[in-house]
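Hi,

Here's the structure I promised to pass along.

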Amino acid sequence: MTRSFQTRIDAEQKIEPKDWMPEKYRQTLIRQISQHAHSEVIGEQPEGNWITRAPSLERKAILLAKVQDEAGHGLYLYAAAETLGITREELIDRLHTGASKYASIFNYPSLTWADVGAIGWLVDSAAIVNQVSLQNTSYGPYARAMVRICKEESFHQRQGYNIMMTLMQGNEQQRAMAQDALDRWWWPSLMMFGPHDGESAHSAQSMKWKIKRRSNDDLRQQYVDQAVQQALAIGLKVPDPALAWNEERGHYDFGDIDWEEFERVIKGNGPCNRQRLAHHVEAHAEGVWVREAMACYDKKRRSRRHDAA
Ligand code: BYC
């Protein structure tokens with residue numbers, strides 16, 4: 001069974017929910033997809049913080065649409081995880097108890113309007129680089145969710161870059177705000193790709209099973225090469241003294257990531273971890289009547305369909 005499973009993977013065949021799969025493959029997918037879903041949902045908080053304070057009606061409408069998209073991404077991803085035999089309640093419980101992680105970047109505060117620009121530009125760019133590769137992941141429902149999510153992320157990235165570009169065309173104070181946001185979000189955005197390849201606990205097996213299609217470092221390099229050019233184009237300075245174009249490699253060299261900070265944040269001790277989780281726990285408790293009403297409506301609709309048949 002295990003050998004024929006790997007043969008299917010090697011032949012680029014998609015694995016579907018009812019197909020046989022090794023238990024570890026199933027668990028790895030549940031871990032990665034649910035962490036991805038939680039990231040989308042928790043990621044609404046730093047941007048949601050600015051909906052009521054957006055600088056114009058147009059910016060507010062765009063931000064509102066983006067934040068709603070993130071909720072939708074969470075929904076597709078939770079649904080994909082559920083096809084692996086875990087319930088939504090269990091997934092949320094794992095988030096609330098800290099058993100399941102979410103992207104470290106969302107544990108940093110969004111202090112100014114420029115942070116909304118930096119999140120859209122940097123965080124969504126990083127997400128796209130990773131998720132384009134995940135469109136070819138071996139598990140069918142995850143791959144299909146990625147196709148739609150990537151389309152929406154492209155709009156998100158554009159809106160973030162547009163905010164940064166507008167600020168950079170503004171007055172001195174606005175340009176300083178944009179630079180300050182880049183200074184604070186740059187390094188956390190590099191951490192989104194996870195530990196270096198040699199330190200990544202799951203990469204080797206996940207690459208073999210084609211759950212992951214490209215390594216953490218490979219994706220991070222592509223992201224740096226793109227983002228540095230985008231920063232230069234609008235007059236922003238990337239806060240890394242070691243950043244330099246390497247002619248031989250055809251890539252930018254960049255400085256060391258603070259892995260101690262990364263570890264601190266993923267262990268629950270970043271600037272906003274407690275606040276993010278507490279907010280989710282509270283919103284989930286407040287939403288219980290909505291879930292009950294939906295379940296009741298669904299039950300009634302199904303029994304009406306049954307009576308009609
Ligand atoms: N943050 O062996 P590794 C978005 C953990 S949201 C936290 O390399 P793996 C958006 C990792 O989980 C987009 N934890 O792991 C939303 C593992 O711990 P566990 C989010 C991290 O899974 C709203 C341990 O470190 N994208 O776009 O092979 C607004 C060892 O790592 C992080 C995804 O979730 C991190 N950054 O590779 C705006 C993409 N990095 O699980 C935008 C899907 C590592 O053993 N996920 N860890 O306790 C992936 O591609 C992979 O899971 C990762 C990590 C590349 C992130």
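This is a predicted model: local features need pLDDT of at least 70, side-chain atom pairs count only at pLDDT 80 or more; totals for chains, interfaces and linings use all residues.

A polar backbone atom of Ser 104 is 2.9 Å from a ligand nitrogen atom, and for Met 191 the distance from a polar backbone atom to a nitrogen atom of the ligand is 3.1 Å. How much of the ligand does the protein bury? On its own the ligand exposes 1,000 Å², and 91% of that is buried by the protein.

Around the ligand there are 35 residues. Those that come nearest are Gln 35, Lys 101, Ser 200, His 202 and Lys 212, so you'll see Lys 101 turning up again here.

The other thing I looked at is a helix pair. Helix α6 covers residues 113–134 and helix α7 covers residues 140–168. They pack with their axes 7 Å apart, at an angle of about 150°. Since angles over 145 degrees count as roughly antiparallel, that is what α6 is relative to α7. The crossing of α6 past α7 is left-handed. As for what lines the contact between α6 and α7, its residues split into 18 nonpolar, 9 polar and 2 charged.

Cheers

Methods. Residues are numbered from 1 along each chain as its sequence is written. Side-chain values use heavy atoms; hydrogens and water are left out. Axes are lines fitted to C-alpha atoms, for helices over the stretch in contact, and angles run from 0 to 180 degrees between N-to-C directions. Helices (H or I, at least four residues) and strands (E, at least two) are DSSP runs, numbered from the N terminus. Angles under 35 degrees count as roughly parallel, over 145 as roughly antiparallel, 65 to 115 as roughly perpendicular and the rest as oblique. A crossing is left-handed if the near helix is turned anticlockwise from the far one by less than a right angle, and right-handed if clockwise. Ala, Val, Leu, Ile, Met, Phe, Trp, Tyr, Cys and Pro count as nonpolar, Asp, Glu, Lys and Arg as charged, and the others, Gly among them, as polar. A residue is near a molecule or strand if one of its heavy atoms lies within 4 Å of it. A polar contact is a pair of N or O atoms within 3.5 Å; within protein, one must be able to donate a hydrogen and the other to accept it, and residues adjacent in sequence count only if both atoms are side-chain atoms. Accessible areas come from the Shrake-Rupley method with a 1.4 Å probe; for residues, only the protein chains shown count as cover.
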